[in-house]
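Biologist: I have the sequence and the coordinates open side by side. Can we go through them together?

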Amino acid sequence: MAQPVDVDAVLDAASTIVLNDGFESATLRAIAARARVTEEKLLELFHSPGQLFVSLLNREYSGMFKVIVDHMDRDPLGGLLSHIYRHTLGAMHARPLARM
């Protein structure tokens, strides 16, 4: 029986390639090699390279949004626009893909 593919490991591989080598270098072949899966398995999971990158960006922005909301919830003045900006910029700074 084949081992299930760790989707987060695939997205981590894609993220690393994009950050280190640029978007143009993030081919299915490169992502598959880094994640240690076949290109066919990537296409089974994501159906197209575009869906893989949409999943990567969804994960990135979902994580960023959670950080922003968490900081706003803990900040007594978190609802002020100036504080929302500060928390958003801090979250973007902490997530390199969000800055691209």
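Biologist: Which residues does Tyr61 touch, not counting residues up to four places away in sequence?

Modeller: Leu97 and Ala98, once residues up to four places away in sequence are left out. Bear in mind that this is a predicted model.

Biologist: Which helix holds Ser15, and why does Ser15 count as buried?

Modeller: Ser15 is in helix α1, residues 7-21. Its relative accessibility is 12%, and buried means under 20%, so Ser15 counts as buried.

Biologist: Switching to the overall fold. How many helices and strands are there?

Modeller: The protein chain has five helices and zero strands. Its radius of gyration is 16 Å, well over the 13 Å that the globule rule gives for 100 residues, so the chain is more spread out than a compact globule.

Biologist: What box do the C-alpha atoms fill?

Modeller: Roughly 50 × 30 × 20 Å along the principal axes. Of the 100 residues, 31% are buried.

Biologist: And what share of the contacts joins residues at least 24 apart?

Modeller: Among contacts between residues at least 6 apart in sequence, 52% join residues at least 24 apart.

Biologist: What about surface and charge?

Modeller: The chain exposes about 6700 Å², and carbon and sulfur atoms supply 58% of that. There are 10 positive and 12 negative side chains, and the centres of the two sets lie 4 Å apart.

Biologist: Back to single residues. Where is Asp75?

Modeller: Asp75 lies in the loop between α4 (49-74) and α5 (81-94). With a relative accessible area of 15%, Asp75 is buried.

Biologist: Which side chains make polar contacts with the side chain of Asp75?

Modeller: His83 does, at 2.6 Å, and so does His87, at 2.9 Å. Setting aside neighbours within four places in sequence, Asp75 is in contact with His83, Arg86 and His87.

Biologist: And Asp73, buried or exposed?

Modeller: Asp73 counts as exposed, at 62% relative accessibility. Asp73 is in helix α4, and its C-alpha is 13 Å from that of Thr88, 15 residues away in sequence.

Biologist: What about His47?

Modeller: His47 has a positive phi too, about 70 degrees, and is not a glycine. His47 is in the loop between α3 and α4 and counts as exposed at 60% relative accessibility.

How values were computed:
Residues are numbered from 1 along each chain as its sequence is written. This is a predicted model: local features need pLDDT of at least 70, side-chain atom pairs count only at pLDDT 80 or more; totals for chains, interfaces and linings use all residues. Side-chain values use heavy atoms; hydrogens and water are left out. Helices (H or I, at least four residues) and strands (E, at least two) are DSSP runs, numbered from the N terminus. Buried means under 20% relative accessible area, exposed over 50%, partly exposed in between (1.4 Å probe, protein chains only). The radius of gyration is taken over C-alpha atoms; the globule rule is 2.2 Å times the number of residues to the power 0.38. Contact means heavy atoms within 4.5 Å. Accessible areas come from the Shrake-Rupley method with a 1.4 Å probe; for residues, only the protein chains shown count as cover. Lys and Arg count as positive and Asp and Glu as negative; His and the chain ends are not counted. The place of a charge is taken as NZ of Lys, CZ of Arg, CG of Asp or CD of Glu. A polar contact is a pair of N or O atoms within 3.5 Å; within protein, one must be able to donate a hydrogen and the other to accept it, and residues adjacent in sequence count only if both atoms are side-chain atoms.
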